[in-house]
Amino acid sequence: MACHNGLTTPAGEDVSFGTAWRATMMANSARDPYWQASVRRETVDHPGAAAEIEDECSVCHMPMARTLDAAAGRLGRVFAHLPVGQAAGDAARLAADGVSCTLCHQITPGGFGRRESFSGGYIIDMQAATARPLFGPYPVPPGRATVMHSATGYRPEESAHVRQSELCATCHTLYTTARGPGGQVVGELPEQVPYLEWRHSAFRAERSCQSCHMPVIAEPTRIASVLGEPREAAARHDFRGGNFFMLRMLNRYRDELGVEALPQELDAGARATVHHLQTGSASIAVEAHAVKPARLEVDVTVTNLAGHKLPTAYPSRRAWIHMVVRDGPGQVIFESGSMAGNGSIAGNDNDADGARFEPHHVEITLPDQVQVYESVMVDSRGAVTTGLLSGIRFVKDNRLLPRGFDQASAGLDIAVQGAAARDEDFRGGSDRVRYRIPTGSHRGPWRIDVALRYQPIAYRWAENLRGYAGSEPARFVRYYESMAATSSEILARHSITVDPAR
């Protein structure tokens, strides 16, 4: 923060690494109230494995504190470091900093891209105690390296691996331990594998993770406020992702959660996240339509513009098609996919009943059918669950595939699951859904509005925390209820008017 703030481009844009970072989910990974509530739920569901669960969950959310615990031969801790800002000691302060600059920049390239590097298998050389390297993409002259070493204890070292997708994959390719009713290990789940999805797409040869989530600054810009010189293609450190909702929640409940980023910084971060989603994630269009006796037939195509599945990562995320059809006078004659104020989707089977889930649709004919792109887990008994460590496999995964994704050669960990695997219109890069809409006695021209909505934390994933022991689940349910109406955003939309007289 002392040396990598106060940075502006020649055009005057503030690109300070420190202030950009502290308003991201990376900096707030330990403050995330949904994560805290979920860890508490897992320890309640599997009390005999509570210590192992805290260790597993701290690897990527409290990585600095957990690295020190591991070096001392201890399991990583979560609740010993909470609430953020109130727990005492150096370890608690390191835990509060989440995924910090000096965590990522100390990761060595050992094992990159291989299974042992996933699930928090990053390697930090804890033996180099006197001059541990901090890796960066640029060469650093010896004199300036000496200045940094004298000020921080670290020595900067050039290494191309910090620009590789495999660096991100160490935590964003996560296999979770699947546990049975008694807490026993019964398998594992590929809980989030965006790196593997990217590797199986056309984007592997075109763009890295960093190119989208840490886009470069167009102009040569100083990256240090002390003795800095203009650098070409310096990466922004705002880590553009998909969780605008949590950034807003962190801002609203900043005092309770010990948030250090300024309100305007988090607000800007949430707005930038929405902009990132709306300009680079998806498009939607009415590709074909036909007016039949007493009905409309409409084909809607959704295209995934991202380099991985959409949505990807944590399985609480979902996207869905919201379709509205109005007649000539403007009366709504058909609607599928409207969202209620509590965050639920009208007609969605899982929101209405946690034991069920909405199937993938090839064709939609009724308002209570809705095309939801999501992954749905079941436990060892085959019951639908939002308990992450109870999940043993996915019974539905129809998340939109990235361009170039070949279903036939996809491994089980990234495969399409459920009815979408048999849908010929669900392919790499897009999905097409046909709507057959009864028009009855209504008359056109017909106004058709379609939108692709996205929600980082689906209604059921919040609702299922209700009633759990511990302050964290109840607190998150309270937060969610207060903000549920703003829990989704429109990623893309399209409108068309069909006039049967023409």
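Trainee: If a disulfide is a pair of cysteine sulfur atoms within 2.5 Å, how many does a search of the whole structure find?

Mentor: The search finds 1 disulfide, and the bond runs between Cys60 and Cys171, with 2.1 Å from S to S. Keep in mind that this is a predicted model, where local features need pLDDT of at least 70, side-chain atom pairs count only at pLDDT 80 or more, and totals for chains, interfaces and linings use all residues. Residues are numbered from 1 along each chain as its sequence is written, and side-chain values use heavy atoms, leaving out hydrogens and water.

Trainee: Is the link of Cys60 and Cys171 left-handed or right-handed?

Mentor: The link of Cys60 and Cys171 is left-handed, with -95° about the S-S bond. Cys60 sits in helix α3 (residues 50–61) and Cys171 in helix α8 (residues 165–172), so the bond ties together parts that are 111 residues apart in sequence. Helices (H or I, at least four residues) and strands (E, at least two) are DSSP runs, numbered from the N terminus.

Trainee: Are Cys60 and Cys171 buried or exposed?

Mentor: Both Cys60 and Cys171 are buried. Buried means under 20% relative accessible area, exposed over 50%, and partly exposed in between, using a 1.4 Å probe and protein chains only.

Trainee: New topic, the chain overall. How many helices and strands are there?

Mentor: The secondary structure comes to 16 helices and 19 strands. The C-alpha trace spans about 80 × 55 × 45 Å along its principal axes, and 53% of the 502 residues count as buried.

Trainee: How many cavities of 30 Å³ or more does the structure hold?

Mentor: There are 4 of them, and the largest cavity has about 130 Å³ of space. A cavity here is a set of points, on a 1 Å grid over the protein atoms alone, where a 1.4 Å probe fits but cannot get out; lining residues have an atom within 4 Å of a point. Grid points are joined across faces, edges and corners, and a volume is the space filled by probe spheres set on the points.

Trainee: Which residues lie nearest the centre of the largest cavity?

Mentor: Those are Asn350, Glu374, Ser375, Val376 and Trp461, out of 17 lining residues. Four elements each supply at least two residues of the lining: α14 (349–352), β13 (375–378), β14 (384–385) and α15 (459–463). β13 gives the most, with 3 residues.

Trainee: Where does β13 sit in its sheet?

Mentor: The open sheet has 3 strands in the order β14-β13-β15, with antiparallel pairing. The edges are taken by β14 and β15 (393–397), each with a single partner strand, so one side of each is left without a neighbour in the sheet. Two strands pair if DSSP finds at least two bridges between them; β13 and β15 pair over 4 bridges. Ser375, one of the residues nearest the cavity centre, has Asp397 in β15 as its bridge partner.

Trainee: What about Arg399, where is that found?

Mentor: Arg399 is in the loop between β15 and β16 (426–427), and it is buried, with a relative accessible area of 7%. Its C-alpha is separated by 9.1 Å from that of Ala420, 21 residues apart along the chain. Asp32 is another buried loop residue, at 8%, found between α1 (17–22) and α2 (33–45). Asp32 and His61 are 9.0 Å apart in space, C-alpha to C-alpha, and 29 residues apart in sequence.

Conventions: 1 Å grid on protein atoms, 1.4 Å probe; cavity = no way out; pocket = protein on both sides within 12 Å on 5 of 7 lines; lining within 4 Å. Disulfide = S-S within 2.5 Å.
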